[in-house]
Amino acid sequence: MSEAIIQVDDVSKSYGGVKANVDISLQVKRGSITGIIGPNGCGKTTLFNSIVGYHPIDKGSIKFEGKEISHLLVGDIARLGMLRTFQQTRIYSKMNCVDNMQISVSHRAESKSSMFVSRKGEIRERAEHLLEFAGLYSKRNLISGDLSFGQQKLLEFAMALMNEPKTLLLDEPTAGINPTLINGLIDRLRRANEELGITLCVIEHNMRVIMNLAEHIYCLSNGHMLANGKPEELQNDQRVIDAYLGGH
Amino acid sequence: MSMNKKTMFTYGGLALFGILGPMLFPQYTLSIAYLWMMVLMASTWDTLGGQMGYNSLGNITFFGVGMYVSAIVQISFFYDGGVGEYTSAMGSIKPEFTAAEYFWGLGLGILAAGIVGLALSLVFSSFMFGLRGPYFAIGSLGLAIAVAEVTITIDYVGGASGISMPLFPGDIEFRSTFFYILCFAFTIVSHFLLRWLYSTQFGLAANAIRDDEDKAEAMGIPTLAYKRIGWAIAAFFMGCIGAVAGNMAGFIDKEVAYPIPTFGIFMVAMALLGGKGTLWGPVLGAIIFHVVKEATWTYLLNLQWVALGLILIINIVYFQQGIMGWLKTKYPELFGIVVDTSNIADDDEKEVAR
């Protein structure tokens with residue numbers, strides 16, 4: 001269980017004159033929870049976007065389960081089993097929660113006939129079960145755009161689970177969520193990892209969260225990979241403290 | 001596809017009107033036929049426009065192409081000289097088709113019209129779906145104008161002077177009834193196909209594309225395939241009904257086949273009026289629009305366009321979600337929409353405590 005499910009090697013990406021990522025390499029081990037930290041604007045989200053195929057990278061290689069994916073499009077990568085959630089939560093805001101869940105089923109084995117399957121039965125049961133897991137069961141028939149921001153984050157997370165991904169990239173899952181809900185969310189992230197076997201890669205600013213959650217953490221700074229290691233190692237790394245922890 | 005009492009009642013009422021209407025008011029038979037045609041146009045427009053949020057202004061293209069394809073099939077199948085000779089004679093050749101030849105030709109023509117419309121939509125899909133929002137709308141309008149202009153350069157189909165359609169083998173009343181039944185039947189088939197379609201994963205995927213296409217992509221939904229299918233269904237029915245409309249008109253040219261400023265815009269206006277993105281909105285919109293249109297044409301001549309414009313303005317300014325959308329907001333419980341009355345913040349705490 002220790003082989004790398006995501007292998008990023010020497011990836012660079014610039015926007016015009018801004019070098020957002022320079023020679024970034026990292027590994028996410030199958031079944032692990034990996035963290036990515038770094039000050040605002042250091043290139044974390046750019047790295048996520050590169051991995052899931054939002055834009056072409058300038059150089060380097062990105063492999064998912066040993067397969068080169070840096071030339072694939074977003075939809076193709078998602079159908080391989082690697083999903084991401086967004087920093088700015090994105091759900092289908094005019095549909096109710098159950099519908100949001102039901103359309104999030106895996107499209108890995110999509111065929112013409114699965115486009116036209118009925119919405120009742122097994123899919124609906126699983127949708128309701130996962131809404132219960134996310135603590136949204138009582139909201140299941142509400143229009144999702146009417147939910148509070150924190151609940152929308154939970155819904156987006158539940159939608160990702162509905163897809164049964166192998167790997168889930170979470171962009172600041174606790175941003176904007178009140179402290180009491182954060183504990184529930186951490187617990188659910190852990191359970192998704194342990195019980196459902198989903199590999200997680202998490203961008204996070206909340207140090208308490210990421211230090212508790214992740215087994216291995218990468219720290220970016222100004223587009224460069226600054227350091228990586230176990231949470232306790234990073235906490236004591238002077239470069240990380242200078243760049244980030246001591247920065248406020 | 002379970003139906004509740006209200007829905008059954010609505011279908012019963014519409015069926016009764018559809019069957020008894022032309023019997024009780026035979027002078028309005030063709031007008032009611034056009035009513036069903038408009039219901040079909042608005043409903044199939046809504047598949048892409050309302051359900052997926054891709055506002056096509058070019059669906060009329062398939063209507064016109066269908067009309068011409070049907071004419072070609074109907075004439076060349078049973079007239080040895082083919083369409084070229086027929087049209088270059090500018091109507092001086094009037095081959096007599098037997099009733100059997102006519103109906104076979106018409107049936108094959110309608111089928112061919114649907115298939116060619118569908119095929120054309122797939123060709124358009126290959127480059128049009130790179131466009132979004134207003135760019136798609138204007139791009140599709142451009143397609144309709146371009147196809148219309150190309151059509152009149154083709155001498156084979158009569159160029160700018162058009163084609164006289166084969167004469168209907170029967171008296172005028174039977175002719176009206178016959179075309180009425182065709183319009184009614186196509187509308188029923190398209191309605192129930194869409195009703196079923198929206199009840200499947202397709203309906204959800206379409207709405208997901210409407211709400212946030214980038215998210216849908218990121219979740220692995222094959223968005224292009226869904227958009228293709230949505231447009232292809234509209235194109236098939238628009239092709240078929242175009243073939244029927246051409247035969248109803250009796251003579252086709254650019255204006256009849258590509259009525260961009262009328263039907264091309266009406267179908268969008270009707271869907272907006274009734275409420276886009278709903279099964280019944282376009283139906284309701286088309287009925288109201290058609291009734292107002294016919295009434296103002298009869299009683300307010302010269303002011304008919306003013307009246308239609310006024311409806312559109314009221315619709316856009318005060319009822320942007322259309323009648324169905326307005327009803328949904330006003331009486332959500334009628335539509336099975338659940339409104340949260342509990343205190344949301346309160347609920348959060350409870351969830352955490354559990």
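**A tour of a pocket, an interface and a cavity**

The second largest pocket has a volume of about 340 Å³. Here a pocket is an open set of points on a 1 Å grid over the protein atoms alone, with protein on both sides within 12 Å along at least five of seven lines, and its lining residues have an atom within 4 Å of a point; grid points are joined across faces, edges and corners, and a volume is the space filled by probe spheres set on the points. This is a predicted model, in which local features need pLDDT of at least 70 and side-chain atom pairs count only at pLDDT 80 or more, while totals for chains, interfaces and linings use all residues. Residues are numbered from 1 along each chain as its sequence is written, chains are lettered from A and ligands numbered from 1 in the order in which they are written, and side-chain values use heavy atoms, with hydrogens and water left out.

To find the pocket, select Tyr28(B), Ser31(B), Ile32(B), Val291(B) and Glu294(B), which lie nearest its centre among the 13 lining residues. Then colour helix H2 (29–49) and helix H13 (281–299) of chain B, each of which supplies at least two residues of this lining; the largest share, 7 residues, comes from H13(B).

Next, show the contact between the chains (heavy atoms within 4.5 Å), which takes 44 residues from chain A and 38 residues from chain B. The area buried between chain A and chain B is about 3500 Å², with 58% of it given by carbon and sulfur atoms; buried area is the accessible area (1.4 Å probe) that two parts lose on being put together, summed over both. Across this interface the rule finds 3 salt bridges, each a side-chain nitrogen of Lys or Arg within 4 Å of a carboxyl oxygen of Asp or Glu. For a salt bridge to display, pick Glu156(A) and Lys215(B), whose side chains meet at 3.1 Å, N to O.

The largest share of its lining, 3 residues, comes from H5(A).

Definitions and conventions. 1 Å grid on protein atoms, 1.4 Å probe; cavity = no way out; pocket = protein on both sides within 12 Å on 5 of 7 lines; lining within 4 Å. Helix = DSSP H or I, 4+ residues; strand = E, 2+ residues; numbered from the N terminus.
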